[in-house]
Amino acid sequence: MTISLFYFLMHIAINLLINFCNLWYNFNNIKVYYGGEMLSQNIKYVGVNDHEIDLFEGQYIVHNGMAYNSYLILDQKVAVIDSVDARFCDEWLANIKGKLGQNTVDYIVVQHMEPDHSGSIEHFMQAYPHAKIVSNARAFAMMKNYFGTDFAERKVVVTEGDTLSLGEHTLTFVMAPMVHWPEVMVSFESATGTLFSADAFGKFGALDVEEDWACEARRYYFGIVGKYGVQAQALLKKASALDVKTICPLHGPILQDNLGYYLNLYNVWSTYGVESEGVVIAYTSVYGNTKKAVELLEQELKVAGCPKVVVNDLARCDMAEAVEDAFRYGKIVFATTTYNGEVFPFMREFIATLVEHNFQNKQVAFIENGSWAPMATKVMKGMLEKCKNLTPCQMEVKILSAVNEQNKCQIKTLAQELVK
Ligand code: FEO
């Protein structure tokens, strides 16, 4: 009897322990889904997450993967908005099928032809042989190049302001050239106030990973759309005339709350404005002497009251992060060595990327190092000549191999000039 009671109590204790462990495990493995399974009763998310990718668009590090978003509108007529990367075609088609119920798909709307969104169109057209494909003339021309066909028998060509009625839902098409390719259009669904915004308002990162929106949206914006600020502004202007309640981009989470926050950031980014006060120091250093100057400048800036100092070692950091910082802050110091009569390669790549992305509206400063014939500042200035509205600091720091007392004074003066 006593032994039975002992085993009974042990059994309860072990079960309690197992349940506690399960609860603890589940609590620590909760994932936040940015996307949401259902946007509204009849608009559903059917996109996919990509955790296999190493470099997005062949160049951007994506620590938390990517999402290729796609949406399904269920009404008297059923429409799919955009496809996904070809590697996830089967999963995407299964997502659509799982949400269709007894329905079939009548239309696929193609907003953007870059393969991360167009890669599964051909398979979709085979899977839904009665579906029509809705896009603009530029996109259909690209389809011929990608697929050898523009689906002539099944295509519906739309232009600015055209509408597609699905029943209670109506899509209005708005052209958004160069945000981020020339054929890009966005679609506004007026019954729900949903803007299907293509690449605009997108970010790096899959939807099953929780992370800060602005950080990865900014890196995405300046890397991918940054050159096209004028075009992004044109889209924002068109969007301001619409009663937008929800933004459904092709990457990143669906945005429903506090839309003003996202719109304001996009406005600052696309006008090349200053998002955050502070100074960015972008540098390269071969033997550590230029780095010493940078560390000294960082200290002096803090002493002088600079609200934020961001230091990027261009040889070691993610170049896309350094580019993002260069656009985010209003002041930037370029510090590098003379190398082969030019500048150190990582600085060359950095400045070339900034110029290519329409870098402008900054206060800039230069620190150069050179043991026998310093050329770096001259080369950097030459490279930046194409940029609009750059204001150079008066103080230029010239290091001849190692930081000396005169350099220390110059660095202090430069710090004071930068925080004025
Ligand atoms: Fe997400 Fe420009 O493609």
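In this predicted model, the side chain of Thr 338 comes to 3.2 Å from the backbone nitrogen of Ala 376. The chain as a whole divides into domain 1 (32–270) and domain 2 (276–419). Helix H6 (213–225) gives six residues to the side of domain 1 that touches domain 2, the largest share.

**Around Thr 338**
- Thr 338 sits in strand E19 (residues 329–339).
- Leaving aside residues up to four places away in sequence, Thr 338 touches Asn 369, Gly 370, Ala 373, Pro 374, Met 375 and Ala 376.

**Overall build**
- The chain contains 13 helices and 23 strands.
- Its C-alpha trace spans about 85 × 80 × 35 Å along the principal axes.
- Of the 420 residues in the chain, 53% are buried.
- Among contacts with a separation of 6 or more, 71% join residues 24 or more positions apart.

- The centres of domain 1 and domain 2, taken over C-alpha atoms, are 38 Å apart.
- Ten residues from domain 1 and nine residues from domain 2 take part in the contact.
- About 930 Å² is buried between domain 1 and domain 2, with 55% of it on carbon and sulfur atoms.
- Three salt bridges cross this interface.
- Five residue pairs are in polar contact between domain 1 and domain 2, counting pairs with both residues at pLDDT 80 or more.
- On the side of domain 1 that touches domain 2, strand E5 (60–61) and helix H6 (213–225) each give two or more residues.
- That side of domain 1 divides into four nonpolar, two polar and four charged residues.

**Helix H6**
- Twelve of the 13 residues of H6 are buried, so the helix is largely enclosed by the rest of the structure.
- The buried residues include Trp 213, Arg 218, Arg 219, Tyr 220, Tyr 221 and Phe 222.
- The buried residues of H6 pack against strand E4 (55–56), E5, helix H7 (229–240), helix H8 (259–270) and helix H10 (319–328).
- At the start of H6, a side-chain oxygen of Asp 212 comes within 3.5 Å of the backbone nitrogen of Ala 214.

- Arg 218 pairs with Glu 324 in a salt bridge at 2.7 Å, N to O.
- Arg 219 forms a salt bridge with Glu 321, with the closest N and O atoms 3.9 Å apart.
- This second pair links distant parts of the chain: Glu 321 is in helix H10, Arg 219 is in helix H6, and 102 residues separate them.
- Arg 219 is buried, at 0% relative accessible area, whereas Glu 321 is partly exposed at 27%.

**Other salt bridges**
- The whole structure holds 18 salt bridges.
- Side chains of opposite charge can pair when their charged atoms come close.
- Glu 298 and Lys 302 form a salt bridge, their closest N and O atoms being 3.3 Å apart.
- Both lie in helix H9 (residues 289–303), four residues apart, about one turn of the helix.
- An α-helix has 3.6 residues a turn, so residues three or four places apart point the same way.
- Glu 298 is partly exposed at 22% relative accessibility, while Lys 302 is exposed at 51%.
- Asp 313 and Arg 316 meet in a salt bridge at 2.8 Å, N to O.
- Asp 313 counts as buried at 14% relative accessibility, but Arg 316 is exposed at 67%.
- A network of salt bridges links Asp 50, Glu 52, Asp 85 and Arg 87.

Conventions:
Residues numbered from 1 in each chain as written. Predicted model: local features only at pLDDT ≥ 70, side-chain atom pairs only at ≥ 80, totals over all residues. Heavy atoms only, no water. Domains from an automatic or database assignment. Contact = heavy atoms within 4.5 Å. Buried area = accessible area lost by both parts, 1.4 Å probe. Salt bridge = Lys/Arg side-chain N within 4 Å of Asp/Glu carboxyl O. Polar contact = N/O pair within 3.5 Å; in protein donor to acceptor, adjacent residues only side chain to side chain. Nonpolar A, V, L, I, M, F, W, Y, C, P; charged D, E, K, R; others polar. Buried < 20%, exposed > 50% of the residue type's maximum accessible area, 1.4 Å probe, protein only.
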